[in-house]
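Reader: I would like to walk through this model with you, one question at a time. Could you show me the sequence and the structure to begin?

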Amino acid sequence: MKMKMGWFLFFMVLLNGIIISNGVGTNVSSRPSVVNIGAIFSFNSTIGKVAKFALEAAVQDVNSDPTVLGGTKLELTTQDTNFSGFGAIMEALQFMEGDTVAIIGPQSSVTAHVISHIANELQVPLLSYAATDPTLFSLQYPFFVMTSHSDLYQMAAIADLIDYYGWREVIAIYVDDDYGRNGIAALGDELAEKRCKISYKAPLYPQSSRNDIIDLLVKIALTESRVLIVHTHPDWGLEVLDVAAYLGMTGSGYVWIATNWLSTIIDTNSPLPSKAMNNIQGLLTLRMYTPASGLKGNFVSRWGNLTSTGTSNGHVGLSAYGLYAYDTVWVLARAINAFFNQGGTISFSKDSRLAKIKGGSLHLDSMSIFDGGNLLLQSILQVNMTGVTGQIKFNSDRSLINPAYEVINVIGTGIRRIGYWSNYSGLSVVPPQNTTLPNGTSSNPRLYDAIWPGQAVQTPRGWVFPNNGRQLIIGVPDRVSYHEFISRVKGTDMFKGYCIDVFTAALSLLPYALPYKLVPFGDGINNPSCTGLVQLVTAGVYDAAIGDIAIVTNRTRMVDFTQPYIESGLVVVAPIKASKSNAWAFLRPFSKNMWIVTGVFFLIVGAVVWILEHRLNDEFRGPPRRQIVTILWFSFSTLFFAHRENTVSTLGRLVLIIWLFVVLIINSSYTASLTSILTVEQLSSPIKGIESLQASKDPIGYQKGSFAVNYLSEELNIHKSRLIALNSEEDYVRALTAGPKKGGVAAVVDERGYMEVFLSTRCEFTIVGQEFTKSGWGFAFPRDSPLAVDMSTAILKLSENGDLQRIHNKWLRGSACRSQDAKLEVDRLQLKSFWGLYVISGLACIVALLIYFILMLRQFSRHYIEESDASMGNSSRSGRLQTFLLFADEKVEDVKARSKRRQMEMASSKGGSYEDDDSMSIAKRRHIELSSSKSSTITSFEV
């Protein structure tokens, strides 16, 4: 035996360096009567005992149809590996000594890796329906063809299940060989794409004893995750579940997901013993999906007859592997037929390198290279047919198209399908062939409800606090100020305060016990940095951190925070003093610009109304002095709506209505502001908010250890030389009282939660301006920790039932200042708040004046220009301007009366000469009237 093992190792080393050389072989006819193929598998394995019947039935069906191979028959030789990888290799070598053109198998992925090297050397295609290791697709194995679906897709389906149910961590139990390791590696990659992970890998040796399994599952029971993925061989997977049931690990709260080995056992050996069925209650498993068809139905109906003879161990059920084994023979038959159609011949050549190795019991020199191996391989990869498993076609990566699985839930004495998975539709309750979604998409993935271990109908949480006797180490900032939030009880490791009460109240709402230990963080002399505390959670020093930890961007990149339990943002606190009233307090509501613009608009509106009313309204006519007084009186009397002059023109009324609306707004605003100034105590501060702090050069205080220093320097670009760290409330008082001129600060920037406590008993300071950041305080946990989710839910419950507010009222007292009803001095009303009103009023005035002057020019041209040209010829420009001004001052009624009189005189005129004399008379008379009017106007100005 040792000598045989030595020869085998020597042979494997030799194969790695062999250069293929062509010898002289023996040619067989292009279309022989028989083609030899081989099959390697374990006859008594769960997969093998089904495959044996399926392969034999497929060969029989192919040979019974002469149209498949044109009269050529397939000669199948099967070899039983008897669960031995070494035996499988020996059987493969025996096939290579003959004229075998292809080998179906091996069944094991481990064996497939080794035999693939031999197949590459001798150019004999391997077609395996059971070796599903994802790495067998590698270019390293060009002659290996997988005729079922790779575990890569099965792991993608499991990752989608994990994501669908909202779990984030799983435990992988797997056989520690190529099949197990590579499958779990693929699962880890798929989970990482969904922000999930394998928290614990539990490998089992293929020859593990029951005690080994017990030891491994005991370790798993002490971990946090309760979602377990089992990826083993079908022949001993049930042993793992039997031990799990023995340890009480198949009850409520656990989630077990088995790869398709479990569905294979159920399909092949059903019904299982009652003990085995009890162990797998509530489990989820996958089964390769094969769509219903006539071919499949016919084969399933024949299965009973096929297995009625030749079985000594009772009924053998048909599993998905049996269907794929049956189709594998048909794929090979179609490929051989295409091989012959392309002129291929079956010939073998001796390898010159192997020919030098003579003697010994291995007979390596007897193995030959299949000359048509490459052509047959290409023919296999080009097969496009419909079999009992559906459409069979290979992708460019040599994998079968349309991988799909059924999601199976084990319930009672049987199984229930709760959905499907495919690589192009994801999870769905609709069979994959009925979906039309593009590749890789899944619209609203959904499954039917599952029954979980322990007959639970609610989806398990998927984790528990690890039952390993270890307490949760929680970091707590050891503060030296604001003890209302957190304070350490002297001489002990205990803490008290608002944050601690919120934490313990939330813990009481969790559905499980959470042993923990609070560990102080900081030296007890200075306030610690919460960012440093969060970094230690990321580093694994602490399992969590609680306290007054603000949820800010850079911290959320390191840990997961709970729902905020208190709102808090940065505010500015500055000294204040009471403003004293004086004799000029009535001017304070408006700013200087507001007063000036308002007064100017009073005059403008009065002048515009006078222009629009002057030619129509006698109240706006008279001597110039009287008209000026009228304009001033009318303008300012509108402030009190006390104007007595009536407006008769449409344009004048339009301007006045808009202006009165503006006056109403201004008057109301002024009254409200003045009332506030005179009746409420006013507090003033030179600092108006964060903007005035940015514009000044004064020093700014902040709490030591707070994130405020980074925000002020990095976000607001305030130089760090202006920022002064303050450690306690007494430091705040001293710095604010001293002010910037005496070594203090102009204001302090800190979080609102602290400042409300600080100001509750210090009435000489107040918050100025608006809160300029929005954040909150939360508890920090490591990334993807399920505790963060459960604690967030508990905090929301505290808020809903009122406990959070009661804790707040207990620790955070209200203001005790008499001046709490006072307010900061109100900023004067600025022009920017009213400029829209002034723009509207100004536009109304401009539009009204434009319309007015257009109408007046039209009237002037109709009544005066023609008369002047007819009577005086070409008059001077100054004369026309003088005439227009006189016309603009004339009342409209006089103009209309004179125009009517002139029309009557022109109508009564008869002959041409008389018409000329009359025109001259009229022109002279008009000239005399204008001169008289001008004289009277000058006289009135002199008066």
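**Aromatic rings and their surroundings**

Author: Happy to start with a cluster joined by ring pairs: Tyr482, Phe485, Tyr498, Phe503, Tyr516, Tyr565, Tyr732, Tyr754, Phe758, Phe765, Trp777 and Phe779. Rings of Phe, Tyr and Trp (its six-membered ring) pair if their centres lie within 6.5 Å, and planes under 30 degrees apart count as stacked, over 60 as edge-to-face and the rest as tilted. Please keep in mind that this is a predicted model, where local features need pLDDT of at least 70 and side-chain atom pairs count only at pLDDT 80 or more, while totals for chains, interfaces and linings use all residues. Residues are numbered from 1 along each chain as its sequence is written, and side-chain values use heavy atoms, with hydrogens and water left out.

Reader: How many aromatic pairs does the rule give, and how far apart are the centres of tyrosine 164 and tyrosine 165?

Author: The count by this rule is 29 aromatic pairs. Tyrosine 164 and tyrosine 165 form an edge-to-face pair, with 80 degrees between the planes and a centre-to-centre distance of 4.9 Å.

Reader: Is tyrosine 165 buried or exposed?

Author: Buried means under 20% relative accessible area, exposed over 50%, and partly exposed in between (1.4 Å probe, protein chains only). Tyrosine 165 has a relative accessible area of 14%, so the answer is buried.

Reader: Why is the pair of phenylalanine 503 and tyrosine 516 edge-to-face, and which parts does the pair tie together?

Author: The ring centres of phenylalanine 503 and tyrosine 516 are 5.4 Å apart and the planes stand at 85 degrees, so the pair is edge-to-face. Helices (H or I, at least four residues) and strands (E, at least two) are DSSP runs, numbered from the N terminus. The pair ties together parts 13 residues apart in sequence, because phenylalanine 503 lies in helix α16 (residues 498–507) and tyrosine 516 in strand β22 (residues 516–521).

Reader: Which ring has a charged end over it at 5.2 Å from its centre?

Author: A charge sits over a ring if NZ of Lys or CZ of Arg is within 6 Å of the ring centre and within 35 degrees of the ring normal. Lysine 52 places its charged end over phenylalanine 43, 5.7 Å from the ring centre. For arginine 461, at 5.2 Å, the ring is that of tryptophan 463.

Reader: Let us turn to the backbone. Where is the cis peptide bond that involves proline 271, and in which loop is proline 271 found?

Author: The cis bond runs from serine 270 to proline 271, with omega near 0 degrees. Another cis peptide bond joins glycine 105 and proline 106, with proline 106 in the loop between β4 (102–104) and α5 (109–122). As for proline 271, its loop is the one between α10 (261–269) and α11 (274–279).

Reader: What is the phi of arginine 398, and is arginine 398 buried or exposed?

Author: Arginine 398 is not a glycine, yet its phi is positive, near 70 degrees. The residue lies in the loop between β15 (390–393) and β16 (404–411). With a relative accessible area of 10%, arginine 398 is buried.

Reader: Is glutamine 455 buried or exposed?

Author: Glutamine 455 also has a positive phi, of about 60 degrees. Its place is the loop between β18 (426–428) and β19 (472–477). At 55% relative accessibility, glutamine 455 counts as exposed.
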